[in-house]
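This briefing covers a ligand site and the packing of several helices. The structure comes first, followed by notes grouped by topic.

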Amino acid sequence: MKYKIVDNIWDELRDYTQGDNYILITDKNIYSLYKDKIDRLLGGKDKLHLIKPGEENKNLGEIRKIYDSLIANNIDRKGLVLALGGGMVGDMAGFAASTYKRGINYVQIPTTLLSQVDSSIGGKTAIDHGGLKNVIGSFHFPLETLIDISFLTTLARRDITSGLGEVIKYGIIADYNFFKYVKENIEEIYNKKAEVLYSIVRNSVEIKASIVERDRFDLNLRQILNFGHTIGHSIESFFNYKKYYHGEAVILGMLLEANIAYKNGLIGHKYYEEIKDPLEKLVEPYEFNEEEVNTLLKLMKNDKKNREGKIAFILPIGRGAVDIFFDVEESTIKEAFFTYYKE
Ligand SMILES: NC(=O)c1ccc[n+]([C@@H]2O[C@H](COP(=O)([O-])OP(=O)(O)OC[C@H]3O[C@@H](n4cnc5c(N)ncnc54)[C@H](O)[C@@H]3O)[C@@H](O)[C@H]2O)c1
């Protein structure tokens, strides 16, 4: 896995834009924010493909338009896609690159906190289809991922929260000292203090890359990256991906899954509180009623990690450590929704 945290992305990218055998894919929001720099990089060449921002456009219709641009630009098998954007652009540009002419190279240039710490590392590409998220996709590892934290200066507060969910997750699954550092610097992160952003991005990327490196195709170890995701995915899906951003749903998922770990005696009360304290301040929880929790349980039963009908949970077992469990009682899952805040 090749990734680099760079000081000036526009200088770094110049090496890739010398010839003509490439296109740069970004979304319209990013283009309007960084128009001058992008135009200067492309030097007047017609090498730009703009996609409409928003998860509702992460679909085959938009992929078709990318293929049309690749063909119109005569991109051959040695060609390159530059994916400049958040996880949505990265997933789509990566998917187009993985299928065009049976696969061409692409470079990830993530511009959101979530994409810098998560989606640009690990080679997963995807689009949504038939109301299902990321249901069509591939493993296609980028030539390299180039991260410039200065993109985060223009990011909206909710997108910071969303990325922060994944950052906190890395601390809980793999590095307790990092978890403590993040907890102590939440305000600095929202204030976009450069040295803190640099530190959280660097540590997160190192943790994710080292896990992916040992399980590139998600057969076992990578599953620990799903702490908070069993419940988080069910919450996202319950609200049709409209109420919570991905990382926000993961924050709620971690809160509830930490409660399950506490109830099952995997962690003590003190550590449960350490986890709960920062998470409950980041996202406004939703009070699910019993009927809604039953719907969430049904959604959890479709989780791809499940085995023989048993819902899989990644649960903390100590500071900086998690494990996978298939034997959580349904009553414990349900109870977590109604009692986590009292415990
Ligand atoms: N491949 C993976 O491993 C993986 C992992 C997690 C999530 N994802 C996918 O990532 C997507 C979510 O990614 P995301 O959270 O980055 O959302 P996103 O790509 O939709 O971006 C969020 C918003 O921020 C805007 N934006 C991007 N960069 C900006 C910047 N620097 N300044 C201001 N605005 C900016 C975008 O235009 C968009 O409106 C989902 O589609 C999800 O499925 C993929």
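**Ligand site and helix packing**

A polar side-chain atom of glutamate 55 lies 2.5 Å from an oxygen atom of the ligand. The model is predicted. The ligand is surrounded by 23 residues, and the protein covers 86% of the 870 Å² of accessible area that the ligand has on its own.

- In aspartate 27, an N or O atom of the side chain is 2.7 Å from an oxygen atom of the ligand.
- For lysine 58, the distance from an N or O atom in the side chain to an oxygen atom of the ligand is 2.7 Å.

**The shell around the ligand**

- Asp27, Glu55, Thr111, Thr112 and Thr154 are the closest of the 23 residues that surround the ligand.
- Sorted by class, the shell has eight charged, eight polar and seven nonpolar residues.
- At least two residues of the shell come from each of helix 2 (28-42), helix 4 (87-99), helix 5 (113-119) and strand 7 (132-139).

**Helix 3 and helix 4**

- Helix 4, which supplies at least two residues of the shell around the ligand, also packs with helix 3 (residues 60-72): their axes come within 10 Å and cross at roughly 55°.
- Helix 3 and helix 4 make a right-handed crossing.

**Helix 7 and helix 12**

- The axes of helix 7 (residues 176-184) and helix 12 (residues 269-282) cross at roughly 40° and come within 10 Å.
- Angles under 35 degrees count as roughly parallel, so helix 7 and helix 12 are classed as oblique to each other.
- The crossing of this pair, helix 7 and helix 12, is left-handed.

**Helix 10 and helix 13**

- Helix 10 (residues 229-238) packs against helix 13 (residues 290-300) at an angle of about 115°, and their axes are 9 Å apart.
- The roughly perpendicular class runs from 65 to 115 degrees, and helix 10 and helix 13 are therefore roughly perpendicular to each other.
- Where helix 10 passes helix 13, the crossing is right-handed.

Conventions
Residues numbered from 1 in each chain as written. Predicted model: local features only at pLDDT ≥ 70, side-chain atom pairs only at ≥ 80, totals over all residues. Heavy atoms only, no water. Near = heavy atom within 4 Å. Polar contact = N/O pair within 3.5 Å; in protein donor to acceptor, adjacent residues only side chain to side chain. Areas by Shrake-Rupley, 256 points an atom, 1.4 Å probe, with all protein chains shown as cover. Helix = DSSP H or I, 4+ residues; strand = E, 2+ residues; numbered from the N terminus. Nonpolar A, V, L, I, M, F, W, Y, C, P; charged D, E, K, R; others polar. Axes fitted to C-alpha atoms, helices over the stretch in contact; angles between N-to-C directions. Parallel < 35°, antiparallel > 145°, perpendicular 65-115°, else oblique. Left-handed = near helix turned anticlockwise from the far one by under 90°.
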